[in-house]
Amino acid sequence: APVMAAWDAAALTEGQLGCLADLEKLMACPIQTAAKAAALEAEAKARDEAAGVPLPPKPQTLRDWYLESANAEPPEDQLAMVARARIGELRAYEDECHQFMGQVQHVLGLIEKIEAQHMEVETKTTSLNSTCERLLAEQMVLRKQVEVMHAPLEYFNELERIGPLLGVPINVDSVQDVDINTVTPTVIKVHPGSDQFVQVLERIEKSLTYFEAHPEFRDSVLFHSKMTQLYVRALAMVKHQVLELILGATKSAKAAYASQSSQQLTSKSFETSAVYAKFRTVAKRATDLVHLMCRPRSAGHKMLMDECFQAYFEARLSLLRP
């Protein structure tokens, strides 16, 4: 009873409780009883061996019970088993969380790298846009300067473009060495009386006006002189055209006059004769050409007009003489 009372507070198994009960019995019996019990046990054992009865298992001693109890794992209740399983799950979740956090950190590193590259690209793009805007502004300034420079050069280049039209090939690089008055005409591309010829005269007049208004340009005086010579040559072509018309009309009138008899040349029919009819045919064309020589910038038109009038009077006088 004292031994059982000492172990009441502990949670013991049934085998342990049985061993304690046997221990109490042995402790309560006197020595004689113990010896008698041992003799009886030996006698029963010898009898069982003689009869061939298998021996019962050796009862567990106190030492064996103590060693078995010390080495055995303590029993676990259901709550402890659930807690142990839950702890295992939580540790697995913890490992997964650590792995997920590692992946998140890796993604964050990539995002930061992309953001840095984006900022770098944005900086370069902004710099490139600024450079392009600056270059565009410089281009506009240069284009305006080229236009300002190109406008005067157009008048200087007109000499090289107009010269071949009048049969005078001119190179701007060697214009100083060319005397337009002594150059023999080659192929004339525009002729007096055509619309192109009038346009050429207008272009020459415009260039002369510009050279006179801007004497500060280098070679302005030289180009003004060469352009004036070209203008005089153009007017001389007009004069030659007028003289050719007068000469042609005179030859035609003389041929027609020679074919008529003296009786046909009466006072009534004299004005309608070939002498006047041939000149009326070329009168309109000759008048238009004479108007070209009377343009405002043709300073030497009086001398050219005098030559034309002199040729006309001599032609008419030659027709009236017998």
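This is a predicted model: local features need pLDDT of at least 70, side-chain atom pairs count only at pLDDT 80 or more; totals for chains, interfaces and linings use all residues.

Tutor: Searching the whole structure turns up eight aromatic pairs. In one of them, phenylalanine 156 and phenylalanine 211 sit 5.1 Å apart, centre to centre, with 55 degrees between their planes, so the pair is tilted. This pair ties together distant parts of the chain: phenylalanine 156 belongs to helix α5 (residues 78-162) and phenylalanine 211 to helix α6 (residues 195-213), 55 residues apart. Phenylalanine 156 counts as buried because its relative accessibility is 10%, and the cut-off for buried is under 20%. Phenylalanine 211 has a relative accessible area of 3%, so it's buried as well.

Phenylalanine 211 also pairs with phenylalanine 223, again tilted, at 6.3 Å centre to centre and 50 degrees between the planes. Here the link runs from helix α6 to helix α7 (residues 220-259), with the two residues 12 apart.

Now for the helices. The axes of α5 and α7 come within 10 Å and cross at roughly 35 degrees, and the crossing is left-handed. On the α5 side, the contact uses Tyr155, Phe156, Glu158, Leu159 and Ile162, while α7 brings Ser220, Phe223, Lys226, Met227 and Leu230. Sorted by type, the residues of this contact are seven nonpolar, one polar and two charged.

Note on methods:
Residues are numbered from 1 along each chain as its sequence is written. Side-chain values use heavy atoms; hydrogens and water are left out. Rings of Phe, Tyr and Trp (its six-membered ring) pair if their centres lie within 6.5 Å; planes under 30 degrees apart count as stacked, over 60 as edge-to-face and the rest as tilted. Helices (H or I, at least four residues) and strands (E, at least two) are DSSP runs, numbered from the N terminus. Buried means under 20% relative accessible area, exposed over 50%, partly exposed in between (1.4 Å probe, protein chains only). Axes are lines fitted to C-alpha atoms, for helices over the stretch in contact, and angles run from 0 to 180 degrees between N-to-C directions. A crossing is left-handed if the near helix is turned anticlockwise from the far one by less than a right angle, and right-handed if clockwise. Contact means heavy atoms within 4.5 Å. Ala, Val, Leu, Ile, Met, Phe, Trp, Tyr, Cys and Pro count as nonpolar, Asp, Glu, Lys and Arg as charged, and the others, Gly among them, as polar.
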